[in-house]
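Hi everyone, thanks for making time for this. I'd like to walk you through one structure today, so please have a look at the screen.

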Amino acid sequence: MKYRELINLLEVIAPVEPYRDIDNSGEQIYTGKEDINRVLVCLEINRDIIKEALEKGADMIITHHPLIFTPEHRISSDEFPGRYAVDAIKNDISVYSSHLSFDFAPEGNNDYIAKLLNLFVNEKGSMERGYYGMLPEPMDLKGACRHVEECLSLPKNYIRAVDGGKDSLVTVGYCTGAGGSYIIDAADRGCDLFITGDVKLHEAQYAKARGMSVIDAGHYGTEKIFTENMAHQIYSRAAQKGLTVDVIMAEANTNPYIL
């Protein structure tokens, strides 16, 4: 597959233009290599991801979280993210990131987590509206926590929870990553539960005061699903177009937390 063919395919999966002014999705590093035979898909780049890309002969790394979030005034191999950018360029590896564009894309992170959690979706979301649905059956908070842990393949006691005081949880708002900004809207809509990651203390306090439970499954915990989802979409859409590319799901751990 040619480089530009792959870029076009990625931007059909998750168009970047609507988010151009607020996010840095899209091409991060282009080394000039035109033939892309193998891509490595991962949540984000760290030292182990670079190593894995080299060992597996990847021509491009496709990430969810951008390697370069904001304009960099200096690229240095002694600093982050410069060290990873330098390593990628030295080894002729291009980098593409699909961030907010994939969060809110059809079949993106939020649609995919709803499928994994077996939610009945009653409102297709957007960046402005959030996502809303129902649990597959009424649950108490402990049961909902177990459900999230099992469906997202999270370790025991990985998640944090806020008890809103209801014995039976049915209606749910959800957002992968750091979705605490949707908590007010979810409470206004009468949700029993909100599922996301990276909940701030004041957001948790607000939810509790409004009688809405919250499950914080972590930023990593709710977005590690990107890898399998994006890899599958690239492979299937390339095949539909008669294009050939080897798609590898990264095995290296990018979760910075150990406890």
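Let me start with a question: is Cys-42 buried or exposed? Cys-42 is buried, at a relative accessible area of 1%. By buried I mean under 20% relative accessible area, with exposed being over 50% and partly exposed in between, using a 1.4 Å probe and protein chains only.

A word on what you are looking at: this is a predicted model, where local features need pLDDT of at least 70, side-chain atom pairs count only at pLDDT 80 or more, and totals for chains, interfaces and linings use all residues. Residues are numbered from 1 along each chain as its sequence is written, and side-chain values use heavy atoms, with hydrogens and water left out.

Back to the cysteines. How many disulfides are there? The count comes to 0, where a disulfide is a pair of cysteine sulfur atoms within 2.5 Å. Cys-175, for instance, has as its nearest cysteine sulfur that of Cys-191, 13 Å away. Cys-175 is buried as well, with a relative accessible area of 6%.

Now the aromatic residues. Searching the whole structure gives 6 aromatic pairs. The rule is that rings of Phe, Tyr and Trp (its six-membered ring) pair if their centres lie within 6.5 Å; planes under 30 degrees apart are stacked, over 60 edge-to-face, and the rest tilted. Take Phe-104 and Tyr-131: their ring centres are 6.2 Å apart and their planes are at 20°, so this pair is stacked. Phe-104 is in the loop between α4 (100-103) and α5 (109-116), while Tyr-131 is in strand β6 (residues 131-139), so the pair ties together parts 27 residues apart in sequence. When I say helix or strand, I mean DSSP runs numbered from the N terminus: H or I with at least four residues for helices, E with at least two for strands.

Tyr-131 also pairs with Tyr-174, and that pair is tilted, at 5.6 Å centre to centre with 45° between the planes. Tyr-174 belongs to strand β8 (residues 169-178), so here the link with β6 spans 43 residues in sequence. Tyr-131 is buried at 2% relative accessible area, and Tyr-174 is buried at 2%. Together, Tyr-19, Phe-104, Tyr-131 and Tyr-174 make up one aromatic cluster.

Which ring does the charged end of Arg-189 sit over? It is the ring of Tyr-132, with 4.4 Å to the centre. Arg-83 lies over the face of Tyr-84, at 5.9 Å from the ring centre. The criterion is NZ of Lys or CZ of Arg within 6 Å of the ring centre and within 35 degrees of the ring normal.

Let's move on to two threonines. Thr-176 is in strand β8 and is buried, with a relative accessible area of 4%. Its side chain makes a polar contact with the side chain of Glu-223 at 3.4 Å. For polar contacts, the pair is N or O atoms within 3.5 Å; within protein, one must be able to donate a hydrogen and the other to accept it, and residues adjacent in sequence count only if both atoms are side-chain atoms.

Thr-222, in helix α9 (residues 219-223), is buried at 1% relative accessibility. The Thr-222 side chain reaches the backbone nitrogen of Gly-177 at 2.9 Å and the backbone oxygen of His-219 at 3.3 Å. Setting aside residues up to four places away in sequence, Thr-222 touches residues including Thr-176, Gly-177 and Thr-196, contact being heavy atoms within 4.5 Å.

Finally, some backbone details. Most residues other than glycine have a negative phi, and most peptide bonds are trans. Where is the cis peptide bond? It joins Phe-80 and Pro-81, with omega about 5°, and Pro-81 is in the loop between β3 (60-63) and α3 (82-90). Ser-153 has a positive phi near 55°; this serine is in the loop between α6 (141-151) and β7 and is exposed at 57% relative accessibility. Asp-198, also not a glycine, has a positive phi of about 55°. Asp-198 sits in the loop between β9 (193-197) and α8 (201-209) and is partly exposed at 39%.

That's my tour, and I'm happy to go back to any part of it.
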